[in-house]
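Subject: Handover of a structure, with findings

Dear colleague,

Please find below the structure that I am handing over to you. My notes on what was found in it follow directly after.

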Amino acid sequence: MTNATTGEDFWRDYPLVSERYQAGLLDAADWATWRANRLRAVLRHVTARSPFYARHLAGVDLDAVTPDTLGRLPFTTKDDLRREMHDVLAGTPADALIYYETTGTTGASTPCPRDAKDVMSSNVHVEWAWRRLFDHYFDGRRPVVGLMGPSELYAFGDTFGDVAQRLGACHVKIWPESPRVGFRKALRLIRELNVEVLVAAPALCLNLAKAALQNGLDPARDLPVKLFTVLGEICTPAFGANVRSIWGADVRPALYGSQEAMAIGTGCHLDRLHISGPNYLVEVLDPDSEASLGAYGTGELCLTMLVDGIKPLIRYRTGDLVTVAPNTCGCGGPGDVVEVLGRVADRVAIGAGRYRPAQIESAVLGGLSRCLGYQVVIDTAPNGTDALTVYVELLRDGAADADADGSAERAALATRLTEHFGVPTRVEVTTELDPITNTGAFVSWKAARIKDNRAGADQDVAAARAAAGAHSLRS
């Protein structure tokens, strides 16, 4: 393996490394060489071409920095990206292949251009993951894929469109929240084109089911969807099981990533996310002390990117709570596995505990089926303790359903949540949830799912409330 410090070396070496990585043929010496050389190349690249990193890393002996001594480098934060904007780039937007931005729902949109290296090295891992997933579900046959995500200034449509074309699978961009599409047209296209795979945010799995019901369709009986591949927010096993109970379709992770960091991990048919190993050095941080726990453990994910593209980030604090572990998955895919637990900022104090989004969602949905959505409301009881009200919308079959009014399920859930959180909990079955729940993680999972009456005004909640109209299911 060569030094890989020049552009020519990268284009020669990366495809070989990627193929050996996917085949499980890289040994410890290969990894040590690749990571050391790529880190050196990226550090030289950003200090020479990025005004921000030239200042941010000034005074650091870069030649002394290795993958084992990353702690000598300062963190890069989202505040840095918002403050520095184009100065973070290792070049100008004209040097990129395509320009994207973050959504800017809770702050300034930050530039996220990608050059040819970025696109190739990120998409190739999605391609390999989809190849394995399609082989598992469709025995080599290529299904029609519906892409249900935004394309404007966002990588979603380009990434999955490129991968679908590489695999020879027809894809259709039918984001139902687009004013040019809407839910009725999306449902029509799914039926007419026999769309078997939908790529979407988890919340859209439920929103699309609601829209189908409003249009007189039974999701499981009348629509051909066999597989949801999801991204953009947490998707717990309990959530996946609930979606299956409505659609009769499996739910698997598509990828875990962001506009800034690209495809960090790709999904498999065993519900795990595999880190795109050649592209990142991974650290797990204690979210409170900021101390590095090393490459494995539970905490905030911190990434150093190993591709010297247009915006490589050094010790970037993602703000995501994760668990990273060695690969013991039986799917055949490579890479350490990462479980996404939610945003660091989305942890919620309830009673004597502090809970991650995944813990709350698992607790609510763990005892439910055919649930079209939920919202947790936190109040202060007269005695000063916390009290919960959980609103759930359930899909029922009228008189044919033994628990048509949900009373038995409601009582069991209230008892279980009271025991789980240690605070009094009541459960209300509703026919129409607060529209903010339709926004999913567009702003934040917490803003969509948690109404905390103990706290004052919240910027994320205000942004999610403003966005709720654009997520209407009645188009």
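In what follows, contact means heavy atoms within 4.5 Å. Axes are lines fitted to C-alpha atoms, for helices over the stretch in contact, and angles run from 0 to 180 degrees between N-to-C directions. Helices (H or I, at least four residues) and strands (E, at least two) are DSSP runs, numbered from the N terminus. Two strands pair if DSSP finds at least two bridges between them.

This is a predicted model, in which local features need pLDDT of at least 70 and side-chain atom pairs count only at pLDDT 80 or more, while totals for chains, interfaces and linings use all residues. Residues are numbered from 1 along each chain as its sequence is written, and side-chain values use heavy atoms, with hydrogens and water left out.

The antiparallel sheet

An open sheet is built from seven strands with antiparallel pairing, in the order β6-β7-β8-β12-β11-β10-β9. Its edges are formed by β6 (255–258) and β9 (280–285), each of which pairs on one side only. On average, neighbouring strands of this sheet are turned by 45° against each other, direction ignored. Helix α5 (residues 116–138) lies across β6 and β7 (262–267), and its direction is at about 10° to that of β7.

Within the sheet, strand β8 (residues 273–275) runs antiparallel to strand β12 (residues 337–343), and two bridges join them. Leucine 273 has valine 338 of β12 as its bridge partner.

Six of the six residues of β9 are buried (under 20% relative accessible area, against over 50% for exposed and partly exposed in between, with a 1.4 Å probe and protein chains only), so β9 is largely enclosed by the rest of the structure. Tyr280, Val282 and Val284 are buried on one side of β9, and Leu281, Glu283 and Leu285 are buried on the other.

The parallel sheet

Five strands form an open sheet with parallel pairing, in the order β2-β1-β3-β4-β5. The edge strands are β2 (171–173) and β5 (250–253), each pairing on one side only. Neighbouring strands of this sheet are turned by 25° against each other on average, direction ignored.

Strand β1 pairs with β3 in the parallel sense over four bridges, and glycine 146 has leucine 198 as its bridge partner in β3. Strand β1 also pairs with β2 in the parallel sense, over three bridges, with valine 145 opposite histidine 171 in β2. From β1, Val144 and Gly146 point one way and Val145 and Leu147 the other, and all are buried. Further along the sheet, four bridges join strand β3 (residues 195–200) to strand β4 (residues 227–230), which run parallel. Valine 197 stands opposite leucine 227 in β4.

Two helices are to be noted here. Helix α10 (residues 237–247) packs on the sheet, touching β4 and β5, and its direction makes about 145° with that of β5. Helix α6 (residues 156–167) lies across β1 (144–147), β2 and β3, running at about 165° to β2.

Helix α12

Helix α12 (residues 407–421) has 15 residues, which at 1.5 Å a residue should span 21 Å; its end C-alpha atoms are 21 Å apart, which agrees. The expected span is 1.5 Å times one less than the number of residues. In α12, Glu409, Leu413, Ala414, Leu417 and Phe421 are buried. Seen down the helix axis, the buried residues of α12 fall within an arc of 130°, so they line one face of the helix; the arc is that of the directions from the helix axis to the C-beta atoms. Their cover includes β13 (348–350), β14 (353–355), α11 (357–365), β16 (386–394) and β17 (425–429). Just after α12, glycine 422 takes a positive phi of about 75°.

Arginine 449

Arginine 449 is located in helix α13 (residues 445–449). This arginine counts as buried, at 4% relative accessibility. Not counting residues up to four places away in sequence, arginine 449 touches Ala203, Leu206, Gly373, Tyr374, Gln375, Val376 and Thr437. Its C-alpha atom is separated by 7.9 Å from that of isoleucine 436, 13 residues apart along the chain.

With kind regards
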